[in-house]
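Thank you for asking me to look through this structure with you. The points below are meant for a first reading, and each can be followed in the view that comes next.

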Amino acid sequence: FGLILFFFASVMIAMTFFLFGIGILYKTVGVLDFDTIKERIVQLENTKSLNLSFAFMFTGVSLKAAVLPLFSWLPKAHGTASAPSIVSAILSGIFVKIGIYLLLRIQFIYSSAIDINALLLAIGYLTAIAGFVFAIAQTDIKLILAYHTISQVGLILIGLGGNETNHMGGLYHIMSHGIFKALFFIIAGVLIYRFETRKIGDMRGLWWISKPLSLFLMVAILSITGAPFFSGGFSKYFIAYGRYNWTERFLLQIINWGTMVSFIKFLLLIFKKPNQTVNFFSIRKTEWSAITILALTCILLGAGGTVIST
């Protein structure tokens, strides 16, 4: 109950900031239509009058999108013992992306007056690095995935703050992340039920228990770490395309390495031999259907990335 109150309070605070920003923007330009607002902003002589409305709207949307430093609600929402994994899949795959969509709309209307791309890049790199650093420190399987949602949101912002190809990569990663993270959370729910623990260090021997589930988990791991021919690999390729500045390339490599280090724990979960005899555990048909569809979609998005890149 306390978590529900915390979650709704976060949403209400975010939307309160956003509404304040809308009110100030309306006072400045006198309209609420997106296209007309953009036209009025171009005509303004003093663009500094937009700073306060932008600050309110950007803060509200950043809270909803779980951007650094406003992401504390997201791990709590995933980390509570009563949070069903299917809800975590929806929250991580869809709900957080609503905030990203609002950021896109803000980027559209303020782009002529405020260099929002530079801001997106700065916050994106900080969010992506902070996310995987916190993820590496976790032992709870759902908290690892929750903090990696924060990291991947940062990566999406990096794409949206770049050139046209990077922007397409950010949009592609919104879809890619929604699919492979939903796959991760559903598999995590199955593992928690089977092993009766959320500590990833106490889970082992999945290859000996269920080879199909192990393969599906490998698909998710390869997607989030950016392996070629998987969904995350191509979206990350587009995000990094054309970034010749050595600082940016170095930071992107750090983010990729951090992601790979985090998911070594998942590889150990699969291939580390169990301490005792293990038996195959049953999975409901609905769970198998969801896992299979999501895994195949990760592969299909990888194939789609091949077509786009060529």
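1. A residue is called buried when its relative accessible area is under 20%, exposed when that area is over 50%, and partly exposed in between. R284, at 58% relative accessibility, therefore counts as exposed. Please keep in mind throughout that this is a predicted model.

2. R284 is also a member of a salt bridge, its partner being E287, and the closest N and O atoms of this pair are 3.3 Å apart.

3. The side chains of D140 and R198 meet in a salt bridge with an N to O distance of 3.0 Å. This pair links distant parts of the chain, since D140 belongs to the loop between α6 and α7 whereas R198 belongs to the loop between α8 (164-195) and α9 (206-209), and the two residues are 58 residues apart. D140 has a relative accessible area of 16% and is therefore classed as buried, and R198, at 16% relative accessibility, counts as buried because the limit for that class is under 20%. The contact between the side chains of D140 and R198 is also listed as a polar contact of 3.0 Å.

4. Turning to the aromatic residues, how many aromatic pairs does the count give? The count comes to 15 aromatic pairs. F71 and F134 form an aromatic pair of the edge-to-face kind, with 5.9 Å from centre to centre and 70° between the planes. F71 lies in the loop between α3 (51-64) and α4 (73-79), while F134 lies in helix α6 (residues 116-136), so the pair ties together parts that are 63 residues apart in sequence.

5. Are F71 and F134 buried or exposed, or do they fall in between? F71 has 9% relative accessibility and so counts as buried, whereas F134, with a relative accessible area of 38%, is partly exposed.

6. Elsewhere in the chain, Y172, Y237, F238 and Y241 form one aromatic cluster. Rings also take part in contacts with charged groups: the charged end of R105 sits over the ring of F34, at 4.0 Å from the ring centre, and the charged end of R194 sits over the ring of F195, at 5.3 Å from the ring centre.

7. My last point concerns W257, which is found in helix α12 (residues 246-262). The relative accessibility of W257 is 45%, and so W257 counts as partly exposed. As a guide to the separation of positions in the model, the C-alpha atoms of W257 and Y110 are separated by 34 Å, these two residues being 147 residues apart along the chain.

Conventions. Residues are numbered from 1 along each chain as its sequence is written. This is a predicted model: local features need pLDDT of at least 70, side-chain atom pairs count only at pLDDT 80 or more; totals for chains, interfaces and linings use all residues. Side-chain values use heavy atoms; hydrogens and water are left out. Rings of Phe, Tyr and Trp (its six-membered ring) pair if their centres lie within 6.5 Å; planes under 30 degrees apart count as stacked, over 60 as edge-to-face and the rest as tilted. Helices (H or I, at least four residues) and strands (E, at least two) are DSSP runs, numbered from the N terminus. Buried means under 20% relative accessible area, exposed over 50%, partly exposed in between (1.4 Å probe, protein chains only). A charge sits over a ring if NZ of Lys or CZ of Arg is within 6 Å of the ring centre and within 35 degrees of the ring normal. A polar contact is a pair of N or O atoms within 3.5 Å; within protein, one must be able to donate a hydrogen and the other to accept it, and residues adjacent in sequence count only if both atoms are side-chain atoms. A salt bridge is a side-chain nitrogen of Lys or Arg within 4 Å of a carboxyl oxygen of Asp or Glu.
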